Amino acid sequence: MPANPALDADAPAEAGPPDEAVGPLIRGVGVLRRLTEAGGTLSPSALERATGLARSTVDRITATLARMGYVRLDARDVVLAPRVMELGNAYLAALRLPALLGARADALADELDESVSLAVADLDGIRFIHQATRRRALSVSFRIGDLLPAERTAPGPLFATQWTDQDWARWRTRRAADPQEVAFPAVPPQQIPADGLTFPERVERARRNGWALDDQLIEPGLVAVSVPVRDPATGRPACVASVVSHTSRHSAADLRAALLPRLRTAVAAMEADLRTAPPPEPGPPPSGLATWTTASKHELGRDFVESLARGLTVLTAFGTGRPALPLTEVARATGLSRATARRALLTHEHLGLVRALPDRTFTLTPRVLDLGFPPLSRTTLPHLAEPHLRALAARLHEPTAMALLTEDGTEIQYTAGAGTSRVLTVHITVGARLPATATSLGRVLLADTSPAFPEIRAQGYALADEELESGLRSIAVPVRDRTGRAVAAVCVATHTARRTLTSCIEDVLPALRTTADHIQTDLHTASRFTPIPPT
């Protein structure tokens, strides 16, 4: 724990925070990092212990983060919420590499039937920015945003071929100060390298070969081969592409002989994509953030830490076509004063989240992915939907459910649900299947692809009135992905004695649509750079 966690939470710099640093922002970032390290959930008392902050401070920070939609206060726990991924999305969008190269990595994973990753350098570590994994019982579990020590990976030696004397000094200092690798929670305890080489020796080998192997450096059984994807402007590695497998499928020697040639071919195509990529069209910057934070402060009073909220919104000023911004552009994008934006940028620079460039602009660093991204990058659509379904069930005192169409389109399969405490209620079993045409869920999904239900498609909802079972009435609306395709539907079920058809449309439907909108917002944020499984 830092000597002064209230002012120096996770700051990578050896010196203390600058005089103009925003203390509440430092403390709020520390809370997000502790939640991320814990897998996304901690009780307030556990956060108090992990951060060294007073309970009242933890409560004010989590109340502010909840207001921003970055956490959810769930019973006795503080839980990371999908909206916090907008911070990592800002970095990944500004970086452009996942958007430009992700499809090549996915295609290679399909071709080889092995996991493929893209990673960037993060000081003396490497951090994943894209993962194309195989869904097997024995599969690679690293996530986008996970940080690994350079010496325990195949990409690490390739990045280290570019290290300066200062970089090597930083690495040696970190190794001496943290021999147990506490700073890298994503990796298991260190093993003795199977090849018997030191890290500097592996770096020299990577320099000669132009590729690198990981022969069970992370853990027994895990092997990988890596090739750098070079920036066409500088010739330096922009990222490193890796094929990852298990010794039950490939030995390290097999990877080199069988998979390295195909990895090199894919990397050559990636480098061609980088050379020919047109300049990005700048996406819309955030708007109204300063006004929103001021209004929230007026509404919540001292329970809303305005300087924390404003500091975090500064990170969202960056994005597609906005990889490096001067102070004036950051202030304009967020609606903050230059002085407020400057203090936030200085604080983020101290925390390692922002880097100042020689041309007086600022850019995000990979450490922004520390703020909630890894645990949420492996979420599923039912997991995203469940808290919203519970809230809707509590509001209407009626059971709610989510379902998707089976592959042949003849049935629906329930994937999530929330019940009520009524004596007479509908019991929904996750995994259960029903005929699609007899349910409101099935009809609203079929209407998206079939001409059989034009009225439902036009009105955007479906009603089922006692067609599946006597006395059972339900209403459903679709949930759409970022392309507008209906990937699931949500419904409210009731008994005919409790609600008329008119009540379903006038009272239930508005609340149901609001819930679907909330689920869609979470889905669109979470799926921008990582696939979200429907089940």
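User: In which sense do S10 and strand S12 pair, and over how many bridges?

Analyst: In this predicted model, S10 and strand S12 (residues 361-364) are paired in the antiparallel sense, over three bridges. Ala324 stands opposite Thr363 in S12.

User: What is the strand order of the open sheet?

Analyst: The order is S10-S12-S11, three strands with antiparallel pairing. Strand S10 (324-326) and strand S11 (354-356) are the edge strands, each pairing on one side only. On average, neighbouring strands of this sheet are turned by 35° against each other, direction ignored. Helix H13 (residues 327-334) packs on the sheet and touches S10 and S12. The direction of H13 makes about 95° with that of S10.

User: How are two packed helices described?

Analyst: The description uses the angle between their axes and the distance between the axes. Here, helix H12 (residues 306-315) and helix H14 (residues 338-351) pack at about 75°, with axes 9 Å apart. Angles of 65 to 115 degrees count as roughly perpendicular, and H12 and H14 are therefore roughly perpendicular to each other.

User: Which residues of H12 and H14 meet?

Analyst: From H12, Arg310, Gly311, Leu312, Val314 and Leu315 meet Thr340, Ala344, Leu345 and His348 of H14. By class, this contact has five nonpolar, three polar and one charged residues.

User: How much space lies in the largest cavity, and which residues are closest to its centre?

Analyst: The largest cavity holds about 140 Å³ of space. It is lined by 18 residues, of which Phe128, Phe142, Asp214, Ala224 and Val244 are the closest to its centre. The lining divides into twelve nonpolar, five polar and one charged residues. Strands S4 (115-122), S5 (125-132), S8 (222-230) and S9 (237-246) each supply at least two lining residues.

Methods
Residues are numbered from 1 along each chain as its sequence is written. This is a predicted model: local features need pLDDT of at least 70, side-chain atom pairs count only at pLDDT 80 or more; totals for chains, interfaces and linings use all residues. Side-chain values use heavy atoms; hydrogens and water are left out. On a 1 Å grid over the protein atoms alone, a cavity is a set of points where a 1.4 Å probe fits but cannot get out, and a pocket is an open set with protein on both sides within 12 Å along at least five of seven lines; lining residues have an atom within 4 Å of a point. Grid points are joined across faces, edges and corners, and a volume is the space filled by probe spheres set on the points. Helices (H or I, at least four residues) and strands (E, at least two) are DSSP runs, numbered from the N terminus. Ala, Val, Leu, Ile, Met, Phe, Trp, Tyr, Cys and Pro count as nonpolar, Asp, Glu, Lys and Arg as charged, and the others, Gly among them, as polar. Axes are lines fitted to C-alpha atoms, for helices over the stretch in contact, and angles run from 0 to 180 degrees between N-to-C directions. Angles under 35 degrees count as roughly parallel, over 145 as roughly antiparallel, 65 to 115 as roughly perpendicular and the rest as oblique. Contact means heavy atoms within 4.5 Å. Two strands pair if DSSP finds at least two bridges between them.
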